[in-house]
Amino acid sequence: MKPNAVNTAFVLDMQRKLHRWSVADADKVFADLFNIVGDRRTLSESWRRLTRNRGSRTPGTDGVTRKTVEERPGGAAQFIEDIREELRSGTYRPEPVRQRLIPKPGKPGKVRPLGIPTLKDRLVQMALKLVLEPIFEADFYPTSYGFRPGRSTHDALAKIQRRLHPSSSGTSEYRFVIEGDIKGCFDAVDHHVLMERVRRRIGDRKVLGLVLAFLKAGS
């Protein structure tokens, strides 16, 4: 079996187990997750997923891109190993993000800020996501569609259409759809409150420290 297949199989098996345990016990607090985040197979799978995205060609504040990494001595394998050692030794620190303003779709003249982390930080964020996502997925309502794997705004719209226009005979009990938005939602999130919510499920202090470090990066 190829190394990439081994890494993918390890991560998928790990995610299935974490999700199953999370579903089985809504009050379960997960510990000893940091070793999974820093596992070579998790980081390698994170790199594979990260480099499938065109964003890997966009540098952060350090100017490093996928091409930069691959052209270095040792390439991606050494890059991953260096990050793994930083995590294991406790010397890893997220860098400030690169700020850019991008146009808002359908709103001429309106822009929103976009933070671009370094490639190293994106890799560690992906590793965290692979471990934390299956745990917190168990706590979402079935009607939640935002920022979830296998779900999109198109799925939400399809659900609305089915509710408003049921295929069976009879009329729908729904008459209106209300669309709203929270201005500057992610800019206004209280980090203390957010971390308290995370601690309800995560008991690994090193993982909590990583999450908090990313929240504070660039602030």
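Trainee: On what basis are residues numbered and values computed?
Mentor: Residues are numbered from 1 along each chain as its sequence is written, and side-chain values use heavy atoms, with hydrogens and water left out. As the model is predicted, local features need pLDDT of at least 70 and side-chain atom pairs count only at pLDDT 80 or more, while totals for chains, interfaces and linings use all residues.

Trainee: What distance should helix α1 span, and how far apart are its end C-alpha atoms?
Mentor: Helices (H or I, at least four residues) and strands (E, at least two) are DSSP runs, numbered from the N terminus. The expected span of a helix is 1.5 Å times one less than its number of residues. Helix α1 (residues 3-24) has 22 residues and should therefore span 32 Å, in agreement with its end C-alpha atoms, which are 32 Å apart.

Trainee: Which helices do the buried residues of α1 pack against?
Mentor: Buried means under 20% relative accessible area, exposed over 50%, and partly exposed in between (1.4 Å probe, protein chains only). In α1, the buried residues are Asn-7, Thr-8, Val-11, Met-14, Gln-15, Leu-18 and Ser-22. They cover an arc of only 135 degrees around the axis, which puts them on the same side of α1; the arc is that of the directions from the helix axis to the C-beta atoms. Through contacts (heavy atoms within 4.5 Å), these buried residues pack against α2 (34-37), α3 and α6 (119-137).

Trainee: Which residues are exposed on the other side of α1?
Mentor: An α-helix has 3.6 residues a turn, so residues three or four places apart point the same way. On the other side of α1, the exposed residues are Arg-16, Val-23 and Ala-24.

Trainee: How many aromatic pairs does a search of the whole structure find, and how many residues apart in sequence are the parts tied together by Tyr-92 and Phe-214?
Mentor: Rings of Phe, Tyr and Trp (its six-membered ring) pair if their centres lie within 6.5 Å; planes under 30 degrees apart count as stacked, over 60 as edge-to-face and the rest as tilted. The search finds two aromatic pairs; in one of them, Tyr-92 and Phe-214 are tilted, at 6.3 Å centre to centre and 55 degrees between the planes. Because Tyr-92 lies in the loop between α5 (75-89) and β1 (98-104) and Phe-214 in helix α10 (residues 205-216), the pair ties together parts whose separation in sequence is 122 residues.

Trainee: Is Ser-56 buried or exposed, and which backbone oxygen does its side chain reach?
Mentor: Ser-56 lies in the loop between α3 (40-51) and α4 (66-71). With a relative accessible area of 2%, Ser-56 is buried. A polar contact is a pair of N or O atoms within 3.5 Å; within protein, one must be able to donate a hydrogen and the other to accept it, and residues adjacent in sequence count only if both atoms are side-chain atoms. At 2.9 Å, the side chain of Ser-56 reaches the backbone oxygen of Asn-53.

Trainee: Which side chain is joined to that of Thr-65 by a polar contact?
Mentor: Thr-65 is in the loop between α3 and α4 and is buried, with a relative accessible area of 14%. A polar contact of 3.0 Å joins its side chain to that of Thr-68.
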